[in-house]
Amino acid sequence: MPNISKNIQPFIPLLYAVWADEVLSPSESSIILSKIDQMDELSVEEKEELKSYCNPLEMPSSVTFEQWRQFIQSNERHQLSDSRAVEQLAQLLQINYNDLPLSLKNGGQPASSTNDLTNNLTGLLNGDDNHIINKTKTLLQDPVFSFKTLRTKEEYRAQVLVWMKFLAEQGLGALSYPKEYGGENDIKSYAAVFETLGFHDLSLTIKFGVQFGLFGGSVLQLGTKKHHDKYLTAIGKAELLGCFAMTESNHGSNVKGLETTATYDNDTDQLIIHTPHELAGKEYIGNALDSKMASVFAQLIVNGENQGVHAILVPLRDEQHQLLPGVRVEDNDYKMGLNGVDNGKIWFNQVPVPVDNLLNRFGSIEAGKYVSSIESKNKRFFTMLGTLVGGRVCVPRAGLSAAKSSLKIAIKYAHKRKQFGPEDGSEITIINYPTHQKRLMPLLAKTYCLDFALQALTKRFANHEQEEDMRAIESMAAGLKAYATWHTTKTIQICREACGGKGYLAENRFTDLKADSDIFTTFEGDNTVLLLLVAKEVLRQFRTEFGKGSLMDLLKFGKDELMTKIVEKNPIITRKTDRAHLRDINFQVDAFSYRERAMTLALVKKLRSLKKKALSDHDIYLKCQNQFVSLASANIEKVVITNMATVIEKENDVETKKILSLITSQYALQVIEKHLAWYLMDGYIESNKAKSIKKETEILCNQISNYSNQLVDAFDIPESLVSAPISRL
């Protein structure tokens, strides 16, 4: 064992303790570094050695940990506490110095959990991201992340910026970047961090996403090595703050129609960025007031020819944070929520930037000419947008965290709040009311099912190898983003109402959860527009089955030929009402699949009929928009239930499998009940079966309510992040 100097010895138990959870938090680092600097008895070399253990990005090696452990065990406590300064440091860190050697018997690692239902479910929800999720939760419990009531947007934004930089210091922002730029090349871990931040402050979550996901992601995904080398490390460390300037006042969802221009100037070898009129200004741009640079999406014009939308890095401010010539930025001011995010509007007046600032993965300017490996402008545009799908993967996960927080608060309160009981009897807790169960249990079940679906989406996105896979992934991401964020909005509102007047108090979090998450249904794609994209992909896949080249080719098919592709209804199944059947995952998957398939056929037949009337493709599309949205919803519901069938099949623990089956049946029958009119009109379900389904959903609500405490505990939200007094009554 190496010799440890006498002055450093008292620090060993403290260093061992603060690194035991594998996280050196901002408070711990600040306290230790400050104390080291104040200790005159330490030599310069000793101070440097101690400081080397205080870098949050460089956890001491397992060898060092073992040496520390052996040292602690081989020394008496009084020998380690000779330094009064170190004892004071232990108090500042809230560590009982004298008990340290005894409290570290497990090697600083937490004792293993018992294999109960709650822990099993937590393990399933965290999956193989358990380590990074726990690290993030540990970090968010540091005092520097404590919730504060900040009255002005300026105070709030300043706090969120400080928080974001703390996260960057821990290496969390750069996780998805290559290792040579300070990352781990791990988009899955990044998504897990983003989801976990949703338990804390959603302004921080979004600011984090804009800086590292949108701005940094655009440089990573749309740029090439020269851009990566120049910018990615600084972006990951939050040393270069940037924004993602896509949306315009006149053009939100229609990215292809953006009006900002980037015109190549042959004489200067520059791109001239210009906003042609006021309503072509970039709108609602997160990080706009803090940023030094923007990824600006503009129509690239080279030698008079428009090559379509490309991204260009445009400096906004100088080192003194003053706006550069030709750049105008205005604050979007107060919003319904997320007032810790500095959203703004940006205009450009003939702003020149070097041609090298063109993010040129899919198109570049060489020797004054535009060059691209993708000839089709359309294909180039959609390929570019496909690389940015990560935002739609992450946003619903953070939104679902807000829903989980709401459910935990409301369900914990429901298990403690008492109301009317039997006459002359005691009051009962409101969780026992069937009406209360009917309000909350379907939301709880759907939250679980969506969590597993989003996990599957993230894995598929992180592991895809073929570009062809991206269309299906983009569709799944668009659909789940819409489906999950609408669920979040509904869940928070119902949970607020379920807590009565207490839910209206700001201290119980619903105020912020509701206001901050509401915009999730709009950004990263308006939900209705996203469902239209999903429906188009469903039709494309349907067309592929017939081996036809276009939708209009498919419409030439006769009715009988198409009908053979729909599974015929089984008259026994339409009437069957026993519990085992209704809770059978095979029945549930078949019912969802049938509905999606039948709706696809109905839409195809309507498109075919309208085409015969010689209407334009655009007019046909407008007349079918509502059916497109309904079909997309049916598709996403099928995706969710099909994924749950896989989750249940893989589970080996009997009790866990049982509760997963209950949750899935609750979700499935609730969705079928919602669409009973469709199923009855179609003849897939008869009236006696419809009555049985409605009855079964109420029975399931009661059964799941008995597990509801464990189910919300399995979300594993630290109490400091729940931060609602009514959940602790």
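Predicted model: local features only at pLDDT ≥ 70, side-chain atom pairs only at ≥ 80, totals over all residues.
1. Basis. Residues are numbered from 1 along each chain as its sequence is written, local features need pLDDT of at least 70, and side-chain atom pairs count only at pLDDT 80 or more. Totals for chains, interfaces and linings use all residues, while side-chain values use heavy atoms, without hydrogens and water.

2. The strand β3. Strand β3 covers residues 270-274. Strands (E, at least two residues) and helices (H or I, at least four) are DSSP runs, numbered from the N terminus. Four of the five β3 residues are buried, so the strand is largely enclosed by the rest of the structure. Buried means under 20% relative accessible area, with a 1.4 Å probe and protein chains only.

3. Partners of β3. Strands pair if DSSP finds at least two bridges between them. Strand β2 (residues 261-265) runs antiparallel to β3, joined by five bridges. The two form a hairpin with four residues between them. In that turn, Asp269 has a positive phi of about 55°. Strand β9 (residues 351-354) is also antiparallel to β3, with four bridges.

4. Leu271. This β3 residue is the bridge partner of Tyr264. In β9, Leu271 has Val353 as its bridge partner.

5. The second largest pocket. A pocket is an open set of points on a 1 Å grid over the protein atoms alone, where a 1.4 Å probe fits, with protein on both sides within 12 Å along at least five of seven lines; lining residues have an atom within 4 Å of a point. Of the 30 lining residues here, the closest to the centre are Lys148, Thr149, Leu150, Tyr156 and Asp512. The largest share, five residues, comes from α18.

Key
Buried < 20%, exposed > 50% of the residue type's maximum accessible area, 1.4 Å probe, protein only.
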